[in-house]
Amino acid sequence: MQNKGAIRLLAILLTLVCIYQLSFTFKAAQVRNQAEEYANGDLQKEQLYLDSLAGQEVFNLGVKNFTFREVQENELNLGLDLKGGMNVILEISVADILRSLSNYSTDTTFNQAISLARERQTDSQEDFLTLFEQAFTDIDPNAKLAAVFNTLQLRDRVSFNSTNEEVMQVIRTEAKDAIDNAFNILRSRIDQFGVAQPNIQKLETTGRILVELPGIDNQERARRILQSSANLEFWETYQSFEIISLFDEANQTIKNYLEAQEALTKEKDTLPEPPTDGIQEDLAESDDIDVDSDTDQEEELSLLDELESDTVSAADTGATREEYFNNNPLYEVLTPYVTREGEAIPGAQVGVANKRDTADVNFYLQLCKEKNIFPRNVKFLWGAEPVDEAETMYGLYAIKVTTRDGRAPLEGDVITRAQQEFSQTSGEAKVTLSMNKEGTKTWARLTREASEKEPKGHIAIVLDNYVRSAPRVNGEITGGSTEISGDFTIEEASDLANILKSGKLPAPARIIQEEIVGPSLGQEAINSGLNSFLIAFLVVMFYMIFYYSRRAGLVADIALIANMFFLIGVLASLGATLTLPGIAGIVLTIGMSVDANVLIYERIREEIAAGKGIKMAIADGYKNAFSAILDANVTTGLTALILFLFGTGPIKGFATTLLIGIFTSLFSALFITRLIFLGMLDRNKVLTFATGLTENAWKNTAIKFLEKRKAFYVISALIVAAGIGSLVMKGLNTGVDFTGGRTFVVRFDKTVDVNDVENALADEFGHEPEVTIFGNDNQVRIVTKYRVDETGTEVDQEVEEKLFTGLLPLIDKDITMDTFMDEYRQSSLKVGPTIADDIKQKAMIAILVSLLAIFLYIFARFRNWQYGLGALLAVTHDTLVLLGLFSILYGIMPFSLEIDQAFIAAILTVIGYSINDTVVVFDRIREYIKLHPKQEINLTMNTALNSTLSRTFSTSLSTFFVLLAIFVFGGEVIRGFTFALLLGVVVGTYSSLFIATPIAYDTIKKKMAIQKKK
């Protein structure tokens, strides 16, 4: 063996690197165990203990000391499915970036093009800018983009003579810069979020950003921080009496409208429903923003009960309640902010409404604005926080728009500092703000003008279109500072300061895909994954000793252990994330490692059988097996690489593990075992590669595979036809990855009936969701499409509230929604329709690219297109059979057979495995043709197939049992995935023997017949 010293040195260095990197993982686990013992079950106390250690040195390696935060940064990353946490894909609104670049142009063609592009985006894979350009041209082919984008901001790059193509090039550059800026702002927010090992990365599709927050236990907080635009504005306001005095006229206008609609439709129930864009939850959870210490907050809260019960009562008017609201429809959904005597309460707030009625209020007020009941420059905004203890009532404020472009006179871009502090008087948390020179000047003017009014004016401080407060201004403020105060927790104040400090997003960010995994489900995934791994590991180690003798088997087992050690160490060194599918990838790597050892051992056995001495047999065995090992691993690596490029989340974790596993298994099988054997031979150890039971296994077999090929063609055709028939008639159980939707896994305290769950949720969601048992009888998986195409924190919160309300009767305990979300909801997934289309397209591309890559590789390696065609048709056969079986069996098997990203990963893995088998046979055929060039091709191929049966049996059997261990012990989450792999091993082994080689034989035979005729 050449370069033995270099290989030994490389193995030692790799071992030291892995030990160094994994030491952080062990130390982090040790510190967490200490925190758990200290807290004695108190999770908050445990987290506080860990937070206190974040900046303290806890690990001394002699040359350097590491703090606990640094230890966490270097430990092995666990995916969300193992650790619990939150995974979201955010989409930056490119449409809003366009509006900003156009300086909010009112051009009709421009705005119609944006609307049309949004409609087309739901069914298209093109990016938004391309769709906008197409829509703009379709609406008016002669329209010039330069007329819209020749703004002050773009004037140096866009002139009136610029072509549409030139303008689009500028827009694309600006949009990319805006998205990059949004990415940096989000990363800054996340870095200060306090989550260990967060991950944020830009995705291939323009404007999409992936965020992973492992271990997070407050998803609502994360949604608010991620989706907040941090659009801070300071507005002048109307006095309440100026608007409330117009409510009587508004009531009459609304009444006339409703009566007209009733006359047209004849039935009140068929009235057009108002828009659903009601109140939304705000990001920052504060109650007030003080410009001056003199605010009306306490007075407002004390009058709330009066407003609801006495201010507008039917009894005062002498009418029944129904008659009163028929005459005053606005008051049915909005309580005006007046005293018992009907006088407007001073301030900018004009009314309060229940959260469920805010959409109706918005509709009515917009109707009145169109009828010129209210001033043209009034803008109604809702308060950010509820004003009652039940947290259902929200205040409505009247904002005065005083600028020509309709924007606030002072915005958050003037803020130079945002800091979480404590009030010296009350000790409560607050956020102090400081402004730049320009902001200080404008702020002084606004406060001066407001204070000079009679009665004194108010300034509304608005964050993301929600009023944080509208305090009265008593005098001019010249210092350029203010503060945000209220009933803050330290965490809430810190979050708000973080958001404002990070800066305003250039456009709104909306969650289009979200996955949440609870910590208990993550721990169960770890336990089941480790169990399956250990069982598979022990089974394979025992098999190698049983089949190849004690010493040879132990050498293979040592290589297997080294492979696992190197694989985990490299994962940690690269900062890769270990997911549950990643554990499946590790277990599959065990099978690959075994395959390499089996190929070598089978070659050594053949060399010994040919009469060679043990040293020569080992040397030639490694030499002759190298080609097959290389080809098999390259083809598997190609499919893993394609998975890595096209997959996301856990699937990318699976591909990463598989790719690393290929290299570590090659190093272990080719070099580690060789070094051990050479050491044994130097010490004159007796080596054998078979036991008494297996010495003659698969020897002298003479199965006539090619003579029986037509029978197997018929069998395969019947299976494929049955599968296609089922695909046409029954279809596939496509998951939300491909269709869009929301999925929840909920665990109850007792066994539940799926029909009861469906009926309980039908009234809430407006349709019966799909409910299936997920694992144990007390755990269900719920799939619904309720409001899946809508974004925003208020939408997600409504869905969760409906889930809780619907399922509460099935829970025997009196629990809160927070308890339900923490303890009963195990995981959730949301996939919007747009991203579902992207996933489907990527899945198809991944499969087609992998098939093409394999065909080209085999064609290049074997210099014969017939081999490539045989391999291509064999893996196509495997794919169709697998799809057909999943169609036939879904609804029959007692576990989910859903077609999702994991299934696509399984198909690609099966393709790689099948090609692995096929390449080994083709490699042996190529070798035999060189040895016996004049022998009949059918005899050569049959001999090659028979000579590789021992390897095929050992590899397929060991891989099957490895996957069986994952299937039985790996948990419900990946059961469908491993079932697909189990079927794939069987089908792939079958096709490599009875499809790939026979097809190559038929095409070669046909070519030879044509050549003879010539």
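Guide: In this predicted model, a helix is a DSSP run of H or I with at least four residues, numbered from the N terminus. Helix α23 covers residues 580–609.

Visitor: What makes Glu606 and Arg603 a salt bridge, and where do Glu606 and Arg603 lie?

Guide: The closest N and O atoms of Glu606 and Arg603 are 3.8 Å apart, and the cut-off is 4 Å, so the pair qualifies as a salt bridge. Glu606 and Arg603 both lie in helix α23, three residues apart, which is about one turn of the helix.

Visitor: How do you know whether Arg603 counts as buried or exposed?

Guide: Arg603 has a relative accessibility of 4%, and buried means under 20%, so Arg603 counts as buried. Glu606, at 27%, counts as partly exposed, because that term covers values between the 20% and 50% limits.

Visitor: Why is the pair of Arg603 and Glu927 called a salt bridge, and which parts of the chain does it link?

Guide: The N to O distance between the side chains of Arg603 and Glu927 is 2.1 Å, within the 4 Å limit, so this pair too is a salt bridge. The pair links distant parts of the chain, with Arg603 in helix α23 and Glu927 in helix α33 (residues 901–931), 324 residues apart.

Visitor: What makes Asp631 buried, and with which residue does Asp631 form a salt bridge?

Guide: The relative accessible area of Asp631 is 0%, under the 20% cut-off, so Asp631 is buried. Its partner in the salt bridge is Arg861, with the closest N and O atoms 2.6 Å apart; Arg861, at 30% relative accessibility, counts as partly exposed.

Technical notes: Residues numbered from 1 in each chain as written. Predicted model: local features only at pLDDT ≥ 70, side-chain atom pairs only at ≥ 80, totals over all residues. Heavy atoms only, no water. Helix = DSSP H or I, 4+ residues; strand = E, 2+ residues; numbered from the N terminus. Buried < 20%, exposed > 50% of the residue type's maximum accessible area, 1.4 Å probe, protein only.
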